[in-house]
Structures are given as C-alpha cells and as structure tokens.
Amino acid sequence: RVRRAEQAVKCGGAEDGSVEVLDMRGVVKKWALVAPMPTPRQMFGTTACRGHLYLIGGMNDEDDTLYEVMERYDPKTNTWASRAPLPVKTYEPTVVCHEKSLYCFGGLNAQDQPIRQCFKYDPLNNIWKKIALLPDARGVAGAAVIGDDIYIIGGRKATVDKYSPMAYRSCLKYNVTKNSYS
C-alpha cells in the first residue's frame, strides 16, 4: 500500500537558507516559510528519516566552500539541530534512508570530481561509519530503496574538465545486509 505524502519541502539554494513546506492535507494547498537552515548552502544531499529532514554536505556558491556539516530539521518543533558531520567534505552526495539509518554515497570534491567514499549514519547514536566504496566514483546520482537494496542510478563520472561532465547510464545495487554492490 502506498501512503500519500502530506507535505513537501523546498530547502535553500544559494545563500538564502530559506526552507518552505507545502501542506497538502487541506483543500487549499499552500507554501509556508519555516525556520531557515542554520548553514545556508546549496547542492547538499537530503532525505527524510524517522520523521526528520536531514541536509548533508553542500557548497557555498559565493566562494565554493565545501561542507561536511549535517543538520536535522524537526517539523514538529520547527527547529534545526546540528548532528555529527559527514567524514568528508562533499557536495551533491546521494543520500537515502533505509529503515533507521541514513546512507550517503559519493558526491563531488573541491576539484568538482566524483568520489567513491560511502557512509552509513546511525541517528540514535549520532555516528557515521564507512561502508563499501562505490565501484566507480560518482556524484549527482539518483537513488531509490527497495527492500534491503539501495539502487544508485546514473550520476556524474570523473572528467578532465568540470565544464564537460559525463554521465553514467548504469544502475548500481547496494545491499545493506551484505555491504556490497552488484
């Protein structure tokens, strides 16, 4: 059975740090500003997990500063909390929630090149741990969770020139139980 979403969230972009929520429960659908994210940035990974919204990594567009920061938004209290930083600075990571954990795959580094590093985050203990490296460095990928498998779809390949990025057509399947790709 598919559950209908009750809210949609739009976060930041550039330097403003604004966050808006679309309430889809009533007859009239409307956007409302909520508490701004503490670290204004863009190109961060985001996912919802256990009733919270997580923003991971990202970049400051003014000076290309990369972040390892992670912030959690609680819609019930309209507040943000800093959580354990990602072990690497990256932007455009692929982030998903599986059961009670967050998974972060790849992203782009300060040279605008994809990375292979991947991590699992335990929200209850506020701890990141390394998991199997991506077979190929990639960032800006899509992802979906089905059962114990996380599908990492497409993404940007490493290139000589950041202005002519190449895209993957492949789909990787990461199994959370086996900590491996196929």
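Modeller: The protein exposes about 10,100 Å², and carbon and sulfur atoms supply 51% of that. Accessible areas come from the Shrake-Rupley method with a 1.4 Å probe; for residues, only the protein chains shown count as cover. This is a predicted model: local features need pLDDT of at least 70, side-chain atom pairs count only at pLDDT 80 or more, and totals for chains, interfaces and linings use all residues. Residues are numbered from 1 along each chain as its sequence is written, and side-chain values use heavy atoms, with hydrogens and water left out.

Colleague: What does the secondary structure come to?

Modeller: Zero helices and 17 strands. Helices (H or I, at least four residues) and strands (E, at least two) are DSSP runs, numbered from the N terminus.

Colleague: And how much of the protein is buried?

Modeller: Buried residues make up 45% of the 182 residues. Buried means under 20% relative accessible area, exposed over 50%, partly exposed in between (1.4 Å probe, protein chains only).

Colleague: What share of the contacts is between residues 24 or more positions apart?

Modeller: 40% of the contacts with a separation of 6 or more. Contact means heavy atoms within 4.5 Å.

Colleague: Switching to charges. How many salt bridges?

Modeller: The structure holds one. The side chains of R41 and E71 meet in it, at 2.8 Å, N to O. R41 lies in the loop between β3 (30-34) and β4 (45-49) and E71 in strand β8 (residues 70-74), so the pair ties together parts that are 30 residues apart in sequence. The cut-off for a salt bridge is a side-chain nitrogen of Lys or Arg within 4 Å of a carboxyl oxygen of Asp or Glu.

Colleague: Are R41 and E71 buried or exposed?

Modeller: Both R41 and E71 are buried.

Colleague: Which residues gather in the patch of negative charge?

Modeller: D61, E62, D63 and D64, on the surface. Patches are made of residues with over 30% relative accessible area and no salt bridge; like charges are joined within 9 Å, nonpolar side chains (Val, Leu, Ile, Met, Phe, Trp, Tyr) within 5 Å. Asp and Glu count as negative, Lys and Arg as positive; His and the chain ends are not counted. A charge is placed at NZ of Lys, CZ of Arg, CG of Asp or CD of Glu.

Colleague: Where is D61?

Modeller: In the loop between β6 (59-60) and β7 (65-66). D61 counts as partly exposed because its relative accessibility is 40%.

Colleague: And D64, what about its phi?

Modeller: D64 has a positive phi of about 60° although it is not a glycine. D64 is in the loop between β6 and β7. V140 also has a positive phi of about 60° and is not a glycine. V140 sits in the loop between β13 and β14.

Colleague: Now E92. What does E92 touch?

Modeller: Not counting residues up to four places away in sequence, E92 touches M43, G107, L108, G139 and V140. E92 and M43 are 49 residues apart in sequence and 5.1 Å apart in space, C-alpha to C-alpha. E92 is in the loop between β9 (79-83) and β10 (94-98).

Colleague: Which residues is P135 in contact with?

Modeller: R116, L172 and Y181, leaving aside neighbours within four places in sequence. P135 and Y181 are 46 residues apart in sequence, with 7.6 Å from C-alpha to C-alpha.

Colleague: Last one. Is T47 buried or exposed?

Modeller: T47 is buried, because its relative accessible area is 12%. T47 lies in strand β4.
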